[in-house]
Amino acid sequence: MDRSLSLELVRVTEAAALASASYMGRGDKEGADQAAVDGMRSTFSGLSIKGTVVIGEGELDEAPMLYIGEEVGCGKGYEVEVDIAVDPLEGTNLIAKGLPNAIAVVAIAPKGCLLHAPDTYMKKIAVGPKAKGAVDINAPIRQNLEAVAKALDKNIEDVTVIIQDRERHKDIIKEVREAGARIKLFSDGDVAAAMATGFEETGVDIMLGIGGAPEGVIAAVALKCLGGDMQGILYPMSNEETARCRELGLSEEDVNRVLSLDDLVSSDDCFFAATGITQGDLLKGVLYLGNNKAQTHSVVMRGETGTIRFVEAIHRLDKNETMIEVL
Ligand code: VTB
Ligand code: MG
Ligand code: MG
């Protein structure tokens, strides 16, 4: 895929972030989500790709835009057909309450290279580049934490585990505490949490827990670009969810087995972009500067080269276009 796609992609997440950021703290999850979807969708239409949404806002009957199977982009300029995974507003609760780490996110890979994950849960483990190859989702938690500590040349007491604050994680939390590691609980947004393991400055070393399967695939693209590692196991909660796995071409074996990073995203030729909506650990939130200007902060990464760019942009809201981009 053409490397200039990085910059095109970041426009897409910037547009979603700009469109939804004004909803911060309004308690209106749906409104914020819709605004993000609209913003993202309108920018996609100008993109020189031949893309199909494989992870999106749901089925056609439940989502009129960015639904699974929707074709986006204008197809000009690129021969390669791509699969697209989107979450225009990852963390609707976060923006509704003005909490940190709401992001707009998009990932792309050549056609057929992203796992077509159903809207079920996925058990996940994610680590940054230094701990790549050191963890096993089926191993005891203490063993994984010891392996991460060794890979990072830290004591286990200095390893920080990020875990979504849910009742379903109480055993994981207990075991991490017994092993002596530190914990950072978060309320929502496990794409940002998984991504944080790939950046040392976030102070997060490993993510453990069960979250959305679509979010798992999106996070896997980020970790692939970052040189980190991730494994997942699909976690359907009902017969309907299991049936949905079958519809998407996942066999019984696929549903039970450990999905490696390569199973989640099977090509290095992938791109990932995320823009902060509310202030986060890695990305700043949308800042309103007055005078019809707003600032966004994004990360865009390319798997093939491993290049990671942070993009700070100042947008003229009255002109509705990007004014300055600093790479
Ligand atoms: C998960 C997680 C997401 O919502 O899907 C979560 O992956 C829903 O989990 O990042 P619950 O059923 O426990 O609420 C997010 O946190 C936000 O979309
Ligand atoms: Mg969403
Ligand atoms: Mg989400």
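**The boundary between the domains**

Modeller: Across this boundary, 25 residues of domain 1 are in contact with 20 residues of domain 2, two residues being in contact if their C-beta atoms, placed from the backbone, lie within 7 Å. The model is a predicted one, in which local features need pLDDT of at least 70 and side-chain atom pairs count only at pLDDT 80 or more, whereas totals for chains, interfaces and linings use all residues. Residues are numbered from 1 along each chain as its sequence is written, while chains are lettered from A and ligands numbered from 1 in the order in which they are written.

The domain assignment of the protein chain gives domain 1 as 5-114 + 269-326 and domain 2 as 121-264; such bounds come from an automatic or database domain assignment. Taken over C-alpha atoms, the centres of domain 1 and domain 2 are separated by 23 Å. On the side of domain 1 that touches domain 2, the elements giving two or more residues are strand 3, helix 3 (92-97), strand 4 (103-110) and strand 12 (293-302). Helices (H or I, at least four residues) and strands (E, at least two) are DSSP runs, numbered from the N terminus. Strand 4 gives the most to this side of domain 1, with four residues. By class, the side has 15 nonpolar, six polar and four charged residues. Here Ala, Val, Leu, Ile, Met, Phe, Trp, Tyr, Cys and Pro count as nonpolar, Asp, Glu, Lys and Arg as charged, and the others, Gly among them, as polar.

The largest nonpolar core has 106 residues, of which V217 and V221 touch the most other members. A nonpolar core is a set of buried Ala, Val, Leu, Ile, Met, Phe, Trp, Tyr and Cys residues joined through C-beta atoms within 7 Å, and a residue is buried if 20 or more other C-beta atoms lie within 10 Å of its own. Helix 7 (residues 213-226) gives the most to this core, with ten residues. Because domain 1 and domain 2 both give residues to the core, it lies between them. Leaving aside its neighbours within four places in sequence, V217 is in contact with I55, A85, L114, L115, A117, L264 and V265.

Strand 3 (residues 81-90) also pairs with strand 1 (residues 50-55), in the parallel sense and over five bridges; two strands pair if DSSP finds at least two bridges between them. The bridge partner of K50 in strand 3 is E81.

How values were computed: A residue is buried if 20 or more other C-beta atoms lie within 10 Å of its own, exposed if 12 or fewer, and partly exposed in between; C-beta atoms are placed from the backbone.
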